[in-house]
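Good morning, everyone, and thank you for making time for this.

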Amino acid sequence: MYKIVKQQRLNSAVVSIEVEAPYVARKCEPGQFVIVRVDPDGERIPLTIADFDRAGNTITLIYQELGYSTKRLSTKAVGDELQDVAGPLGQAAELRKTAKVLGIGGGVGAAPLYPQLKKLADLGSQVDVILGGRSAELVILANEFRAFARQVTIATDDGSLGLKGTVVDALLRKVRDENYNRVIAIGPLPMMRAVVEHTKRLEIPTMVSLNPIMIDGTGMCGGCRVTVGGATKFACVDGPDFDGFQVNFDECIRRQLMYRQQERRFEQEHPC
Ligand code: FES
């Protein structure tokens, strides 16, 4: 069993938990994820590993309470145990020293971005970060990024923190003064699509992280199918990180919307 040793609410919808998971903590690398089951009959929830402590045998998971299962996860407290934490799954992100990297995190996308940028900074890369959200409350981990990033720029839709606008507005400002060698963008699909539209034009190689519907997490069910460079890929085994220039975002967005109605109906019928 996997005990929750720390729990912190980052805002009204986002929670961080540190969980004892010795095998995962020993093996995981930035970019990889786990599949969590809260109870024996629980749904499988794919969550990217936001941080890990190899000596302490723990991993940190940051999730948004979006549906029945993540809300159920939030009913657990420090000391409670989770049914399963399976992983590490997926490919580790390909990270090597790069002169100037710009990380862009939209909302809870800042969580999977964090370990990748931390590793790039450890390797000696110059790292700048843009964090975005609809309002100040929805911007997470700014202080954690400040611990290693050269600059942290915040953009909020309502202007309640940082510049008023989207992460794309912030990106367009930054590239006026800086030549970045690589962008890593993680957040909602429309955000990543918008970032890639610009970085493609600017010819800055851009990696994105896809988080489609996942069931088994091992490449067997086909649930996480995405099209990258015209070929079918499974985000759980081939990703979750992909070359943003090659991703068919329109198809990903269509597939993500496919089950929205059923999820809402299930939530109404099964309140936590
Ligand atoms: Fe089943 Fe990826 S989750 S193939």
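Helices and strands here are DSSP runs, numbered from the N terminus, where a helix is H or I with at least four residues and a strand is E with at least two. What you see is a predicted model, in which local features need pLDDT of at least 70 and side-chain atom pairs count only at pLDDT 80 or more, whereas totals for chains, interfaces and linings use all residues. Residues are numbered from 1 along each chain as its sequence is written, and side-chain values use heavy atoms, with hydrogens and water left out.

Let me start with the two cis peptide bonds on my list. One joins glycine 239 to proline 240, with omega near 10 degrees, and proline 240 sits in the loop between H7 and strand E16 (241-243). The other links glycine 87 and proline 88, with omega about 0 degrees, and proline 88 belongs to strand E7.

That brings us to the sheet, for which two strands count as paired if DSSP finds at least two bridges between them. Seven strands make up an open antiparallel sheet in the order E6-E1-E2-E5-E4-E3-E7. E6 and strand E7 (84-89) are at its edges with a single partner strand each, so one side of each has no neighbour in the sheet. Further in, strand E2 (residues 14-20) and strand E5 (residues 58-64) run antiparallel and are joined by seven bridges, with glutamate 18 partnered by threonine 60 in E5. E3 pairs with E4 in the antiparallel sense over four bridges, isoleucine 35 having proline 46 as its bridge partner in E4. Four bridges also join E3 to E7, again antiparallel, and here valine 36 is partnered by valine 85.

How much of E3 is covered? Four of its five residues are buried, where buried means under 20% relative accessible area, exposed over 50%, and partly exposed in between, using a 1.4 Å probe and protein chains only.

Leucine 141 has phi of about 65 degrees, lies in the loop between strand E9 (126-133) and helix H4 (142-146), and counts as buried at 13% relative accessibility. Glutamate 203, with phi near 60 degrees, is in the loop between H6 and strand E13 (206-209) and is exposed, at 69% relative accessible area.

Now for the interior, where a nonpolar core is a set of buried Ala, Val, Leu, Ile, Met, Phe, Trp, Tyr and Cys residues joined through side-chain atoms within 4.5 Å. The largest such core has 35 residues, of which Ile104, Val195, Val208, Leu210, Val247 and Phe249 touch the most other members. Among the elements that each supply at least two residues to this core are strand E3 (33-37), strand E8 (100-106) and helix H6 (189-202). Valine 247 is in contact (heavy atoms within 4.5 Å) with Val208, Leu210, Thr227, Val228, Phe242 and Cys252, leaving aside residues up to four places away in sequence.

I will close with a lysine. Is lysine 76 buried or exposed? Lysine 76 is buried, with a relative accessible area of 18%, and its place is the loop between helix H2 (68-73) and strand E6 (81-82). Not counting residues up to four places away in sequence, lysine 76 touches Ile4, Gln7, Val38, Asp39, Glu81 and Leu82.
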